[in-house]
Amino acid sequence: MGANMRTSDEMISLILSVAEKDDRIRAVGMGGSRANPECPPDAFQDFDITYFVDDVSPFWDNDRWIKENFGTPSLMQKPESMHLIPPDDNGTFVYLMLFPDGNRIDLCIKDVGSALLESETEPMIVLLDKDSRFEGWNENLDGGKYWHIKEPTDEMFADCCNEFHWCMNNVAKGIARDEVNYAMKMLNHYVRDMLTLMLEWYVGAANDFNVSAGKEGKWFKHYLPPELYESLLATYPTAETEAMWNAAFEMLRLFSTAALFVAEKLNFIYDVMEKKGITDYMKKVRAGKIK
């Protein structure tokens with residue numbers, strides 16, 4: 001980040017000054033990592049800001065208003081104006097803005113009435129409340145506990161295992177066909193999603209489900225034993241046949257280790273025959289016995 005990067009206090013001051021001088025903005029909330037007291041602060045944290053208004057339409061796709069109040073972003077995305085990625089279509093308008101000094105604001109313009117009707121939402125720090133309509137907001141969410149890993153049911157555990165093992169056959173098929181793009185997609189999306197989930201449950205089970213592993217397991221390095229974290233790193237292959245096979249089998253070993261730990265802690269049953277079935281199949285494919 002550049003030497004002239006504005007401080008957090010300066011950014012909050014800007015965000016509030018825009019709201020204070022605009023009568024259409026009735027309240028300001030800040031969510032995301034900055035609302036999580038357990039999240040370590042750094043220069044890369046976004047400012048997840050919501051402006052609560054009575055009428056969203058004047059703020060809809062209004063680049064001029066953005067530039068007049070916040071300056072010209074280096075890069076901006078407006079999900080509600082996109083066609084390739086369908087928007088949520090929930091009546092809000094979002095500006096994702098990266099500024100030249102490195103600061104980022106994710107600004108959501110939201111109808112205040114609909115927000116007050118919501119019974120569940122992420123924790124939010126109320127920065128401004130002109131009409132005192134947000135008193136006691138989120139007081140029952142208990143800070144960082146909102147983000148703590150949730151304990152799975154035995155059905156969720158079994159489904160995770162089954163999805164992981166089943167999708168591994170697609171990895172093997174892709175490698176055998178030399179379809180690198182396909183194999184990598186299967187490995188690093190469908191299979192990895194289940195591995196990440198199981199590792200989150202491992203971290204949760206090891207810590208009485210009183211911690212968060214962060215979005216997409218970004219804090220695994222802190223919570224996993226060193227040998228498991230090194231195993232996780234070994235599951236990221238280069239686009240070479242042997243490297244992909246090695247990563248896939250490393251995933252199998254790591255997933256099994258984590259799943260057995262979770263199963264023991266939570267009195268679940270890990271289907272070892274299911275694991276044996278996919279392992280045997282992958283070995284045959286790798287050896288060229290299935291063509």
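Glu250 and Arg253 form a salt bridge (a side-chain nitrogen of Lys or Arg within 4 Å of a carboxyl oxygen of Asp or Glu), with their closest N and O atoms 2.9 Å apart. The two residues lie three residues apart in helix H8 (residues 241-266), so about one helical turn separates them. Glu250 is buried, with a relative accessible area of 18%, whereas Arg253 is partly exposed at 46%; buried means under 20% relative accessible area, exposed over 50%, and partly exposed in between, with a 1.4 Å probe and protein chains only.

The model is a predicted one, in which local features need pLDDT of at least 70 and side-chain atom pairs count only at pLDDT 80 or more, while totals for chains, interfaces and linings use all residues. Residues are numbered from 1 along each chain as its sequence is written, and side-chain values use heavy atoms, with hydrogens and water left out.

The protein chain has nine helices and six strands, where helices (H or I, at least four residues) and strands (E, at least two) are DSSP runs numbered from the N terminus. Of the 291 residues in the protein chain, 45% are buried, and the C-alpha atoms fill a box of roughly 70 × 40 × 40 Å along the principal axes.

The structure holds 14 salt bridges. One of them joins Arg6 to Asp101, whose closest N and O atoms are 2.7 Å apart. Because Arg6 lies in the segment before helix H1 (8-20) and Asp101 in the loop between E4 and E5, this pair ties together parts that are 95 residues apart in sequence. Arg6 counts as partly exposed at 26% relative accessibility, while Asp101, at 13%, counts as buried. Arg24 and Asp22 form another salt bridge, with the closest N and O atoms 2.9 Å apart, and Arg26, Asp54, Asp131 and Arg133 are linked in a network of such bridges.

The largest pocket holds about 1,300 Å³ of space. Of the 48 residues that line this pocket, the closest to its centre are Gly31, Gly32, Ser33, Asp48 and Glu122. Strands E1 (25-31), E2 (47-53), E4 (93-98) and E5 (104-111) each supply at least two lining residues, and the largest share, five residues, comes from E5. A pocket is, on a 1 Å grid over the protein atoms alone, an open set of points where a 1.4 Å probe fits, with protein on both sides within 12 Å along at least five of seven lines, and lining residues have an atom within 4 Å of a point.

Technical notes:
Points joined across faces, edges and corners; volume = space filled by probe spheres on them.
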